[in-house]
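Q: Could you walk me through this model, and say for each label what makes it apply?

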Amino acid sequence: MVQLNPEDLERPFARTSSRRIVAMLGRALALRCPNCGSRGLLRNWFRMNDRCPGCGLRIEREGSDYMAGSLMFNIVLAEMIFAAVFVAYLLISWPDPNWNMLEIAAPLGMAVAPFALFPFSKLVWLAADLALRPAHAKELGDTQTGDKNIQ
């Protein structure tokens, strides 16, 4: 059973300024740390470092639902992009869309999109989570000494 920290319940979303939220989302889309803006979060396209090399923030934050939310966001984002591209194609090519091409391209695009969007969706989800639950000092590790501030 997960025990909630009363401090987590008392930090409302309204405390984070809209300017900071936009900055965090912009950093995430640039594949930088949403918290500090440093680079070096990706080992390769499908694997991330455990912590940010700049501020020491864990990329996988605490909570059993964090990873499920990240995966859900990735799939929903991929399907929304697919739907937008599909509708745009139909509007451009109407009244004679190439249905044979769509039979191949649509499933292929739906299968590839979650993999292509992985690092972006993972970091945008982290930015949204940081907007709702700002990082505590104990969550940030000291990258110089290797201290992970685990208490």
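A: A residue is called buried under 20% relative accessible area, exposed over 50%, and partly exposed in between (1.4 Å probe, protein chains only). Of the 151 residues in the chain, 31% count as buried. This is a predicted model: local features need pLDDT of at least 70 and side-chain atom pairs count only at pLDDT 80 or more, while totals for chains, interfaces and linings use all residues. Residues are numbered from 1 along each chain as its sequence is written, and side-chain values use heavy atoms, with hydrogens and water left out.

Q: How do you know what pLDDT the chain averages?

A: pLDDT is the predictor's confidence in each residue, from 0 to 100. The chain averages 82, and 82% of the residues score at least 70.

Q: Where does pLDDT stay under 50?

A: Over residues 143–151, for which the model has 16 contacts beyond four places in sequence; contact means heavy atoms within 4.5 Å. Where pLDDT is low, the predicted coordinates should not be read in detail.

Q: What makes up the secondary structure of the chain?

A: It comes to 5 helices and 2 strands, running α-α-β-β-α-α-α from the N terminus on. Helices (H or I, at least four residues) and strands (E, at least two) are DSSP runs, numbered from the N terminus. As for how the chain folds back on itself, residues 24 or more positions apart account for 60% of the contacts with a separation of 6 or more.

Q: Which residues of H2 are buried?

A: Ile21, Met24 and Ala28. They cover an arc of only 65° around the axis, which puts them on the same side of H2; the arc is that of the directions from the helix axis to the C-beta atoms. The face turned away from that buried side carries the exposed residues Arg19, Val22 and Leu29. What covers the buried residues of H2 includes helix H5 (118–132).

Q: Why is H5 called largely enclosed?

A: Because 11 of its 15 residues are buried. Among them are Phe118, Leu123, Val124 and Leu130. The buried residues of H5 pack against H2, strand E1 (42–44), strand E2 (47–48), helix H3 (66–93) and helix H4 (99–116).

Q: How many disulfides does a search of the whole structure find?

A: It finds 0. Cys33 is in no disulfide: the nearest cysteine sulfur, that of Cys52, is 3.6 Å away, and a disulfide is a pair of cysteine sulfur atoms within 2.5 Å. The sulfur of Cys55 is 3.8 Å from the closest cysteine sulfur, in Cys52, so that pair is too far for a bond.

Q: Is Cys33 buried or exposed?

A: Its relative accessible area is 0%, so Cys33 is buried. Cys55 has 14%, so Cys55 is buried as well.

Q: What makes Leu31 stand out in its phi?

A: Leu31 has a positive phi of about 60° although it is not a glycine. Leu31 lies in the loop between H2 and E1, just after H2.

Q: What kind of peptide bond runs from Trp94 to Pro95?

A: A cis one, with omega near 15°; Pro95 is found in the loop between H3 and H4.

Q: Why is Gly37 called buried?

A: Because its relative accessible area is 14%. Gly37 lies in the loop between H2 and E1 and, leaving aside neighbours within four places in sequence, is in contact with Arg27 and Arg32. The C-alpha atoms of Gly37 and Gly26, 11 residues apart along the chain, are separated by 9.3 Å.

Q: And Ala113, is it buried or exposed?

A: At a relative accessible area of 19%, Ala113 is buried. Ala113 lies in helix H4, and its C-alpha atom is separated by 8.9 Å from that of Asn74, 39 residues apart along the chain.
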